[in-house]
Amino acid sequence: MSGAHTHEHGHPHEHGHPHDHEHPHDHDHDHPHGGVKGFLYDLFVPHTHDAADAVDDALEASRAGVTAVKVSMFILLGTTLLQLGFVFFTGSVALLADTIHNFADALTAVPLWIAFVLGRRVATRRYTFGYGRAEDLAGLFIIFVVALSAVVAGWEAIDRFIHPQPVENPGWLIAAGVIGFAGNELVAIYRIRVGRRIGSAALVADGVHARLDGITSLSVVLGAIGVLLGFPIADPIIGLLISVSILVLLWGTVKSVGARLMDAVDPQLIERVEHSLEHADGVTGIRSVKLRWVGHRLLGSAIVTTSADSLRDATHVAQHASERVRGDLRNIDDFVVTPVAADTVPPQSWSL
């Protein structure tokens with residue numbers, strides 16, 4: 001909400017009754033719903049609503065992120081080694097493209113691991129907001145590695161068009177594709193689930209990356225079926241299609257990570273903060289609300305109006321409002337509420 005948007009209450013709050021915080025909202029989200037298009041969007045661009053109420057301890061969230069990164073990295077390395085063995089026996093360029101991409105996905109776990117470890121460090125006089133932004137930089141690295149792997153795989157496919165080679169043991173190729181899909185989908189589900197739970201856009205992006213790898217593994221199976229049916233050119237065609245599809249589907253991840261770097265938050269979070277402030281004792285209006293992500297933690301501030309008669313009372317109103325917001329959005333690390341007098345235009349703060 002912009003600073004000019006003001007919620008003024010024409011009546012005093014009656015706080016003698018409980019407030020239901022599980023209230024529904026009508027949100028205008030810019031993503032499709034229903035049908036094949038909506039299913040594919042949710043599959044490859046998971047809409048997390050910037051979930052901010054699942055993990056309320058920064059250290060616990062970082063530990064969960066590190067565990068997700070470590071487990072998924074070892075699963076993907078194992079999948080890559082299995083597929084690499086099948087590459088030597090089949091000579092499939094499509095499987096080689098898939099193996100390269102799986103290895104790249106395993107490598108992206110390293111900067112994420114570093115980012116979560118850095119995020120545990122306390123703020124300093126130079127990095128006054130801490131080191132949470134390292135997660136967003138890791139997200140950029142993930143995008144770069146995914147794009148690079150798509151280019152390498154595409155190059156190998158084009159080279160196979162120019163210098164065709166037979167594909168051997170297509171049955172093994174099918175088995176390798178199924179293994180690749182199973183390993184990647186397992187990792188994708190795990191990363192996306194943990195990323196949503198702790199509010200990490202970078203981890204969700206890496207989960208989407210793994211899901212893309214799983215789809216490319218299924219494409220390898222299609223190429224193998226084509227070879228079995230007597231169309232050996234199906235293998236490099238599938239390899240090229242894999243590269244193109246990776247680049248196309250990567251755009252959703254680019255937008256997600258880019259939005260986080262631009263301090264974008266889901267409007268639902270602003271609405272939840274406003275709801276909390278509106279039901280705080282002594283708050284008569286809301287002048288502005290601001291939120292920003294620093295890694296997987298939130299920081300925010302608000303200016304509210306109050307009819308308090310003294311600086312002391314106004315301070316108590318602000319403290320209560322801040323505590324209420326932090327109670328409703330549990331992974332907000334800091335939320336500063338500034339009270340202003342409700343009957344002054346422009347509103348003025350109290351002075352000592």
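**Close-up views of strands, a cavity and salt bridges**

**Figure 1. V304 has P339 in β4 as its bridge partner.** The structure shown is a predicted model, in which local features need pLDDT of at least 70 and side-chain atom pairs count only at pLDDT 80 or more, whereas totals for chains, interfaces and linings use all residues. Residues are numbered from 1 along each chain as its sequence is written, and side-chain values use heavy atoms, with hydrogens and water left out. Strand β3 (residues 297–306) and strand β4 (residues 332–341) run parallel and are joined by nine bridges; two strands are said to pair if DSSP finds at least two bridges between them. Between β3 and β4 the chain passes through helix α10 (residues 311–328), giving a right-handed β-α-β crossover. Right-handed means that, with the strands pointing away from the viewer, the path from the first strand over the helix to the second runs clockwise.

**Figure 2. The elements of the protein chain comprise ten helices and four strands.** From the N terminus on, their order is β-α-α-α-α-α-α-α-α-α-β-β-α-β. Helices (H or I, at least four residues) and strands (E, at least two) are DSSP runs, numbered from the N terminus. Of the 352 residues in the protein chain, 46% are buried. Buried means under 20% relative accessible area, exposed means over 50%, and partly exposed lies in between (1.4 Å probe, protein chains only).

**Figure 3. The largest cavity has a volume of about 30 Å³.** A cavity is a set of points, on a 1 Å grid over the protein atoms alone, where a 1.4 Å probe fits but cannot get out; its lining residues have an atom within 4 Å of a point. Grid points are joined across faces, edges and corners, and the volume is the space filled by probe spheres set on the points. The count is one cavity of 30 Å³ or more. Its lining consists of I142, I143, V146, A205, H209, L212, L250 and T253. At least two of the lining residues come from each of α5 (134–162), α7 (201–228) and α8 (234–261). The lining has six nonpolar, two polar and no charged residues. In this classification Ala, Val, Leu, Ile, Met, Phe, Trp, Tyr, Cys and Pro are nonpolar, Asp, Glu, Lys and Arg are charged, and the others, Gly among them, are polar.

**Figure 4. R133, D136, D263 and R292 are linked in a network of salt bridges.** A salt bridge is a side-chain nitrogen of Lys or Arg within 4 Å of a carboxyl oxygen of Asp or Glu. The count for the model is five salt bridges. D263 and R133 meet through their side chains at 2.3 Å, N to O. This pair links distant parts of the chain, 130 residues apart: D263 lies in the loop between α8 and α9 (267–278), and R133 in the loop between α4 (109–119) and α5. The side chains of R292 and D263 also meet in a salt bridge, at 3.5 Å, N to O. Here R292 belongs to strand β2 (residues 283–294), and the two residues are 29 residues apart. D263 is partly exposed at 29% relative accessibility, R133 is partly exposed at 24%, and R292 is partly exposed at 27%.

**Figure 5. D333 and R297 form a salt bridge.** Their closest N and O atoms are 2.9 Å apart. The pair joins strand β4, which holds D333, to strand β3, which holds R297, across 36 residues. D333 is partly exposed, with a relative accessible area of 42%, whereas R297 is buried at 7% relative accessibility. Side chains of opposite charge can pair when their charged atoms come close.

How values were computed. 1 Å grid on protein atoms, 1.4 Å probe; cavity = no way out; pocket = protein on both sides within 12 Å on 5 of 7 lines; lining within 4 Å.
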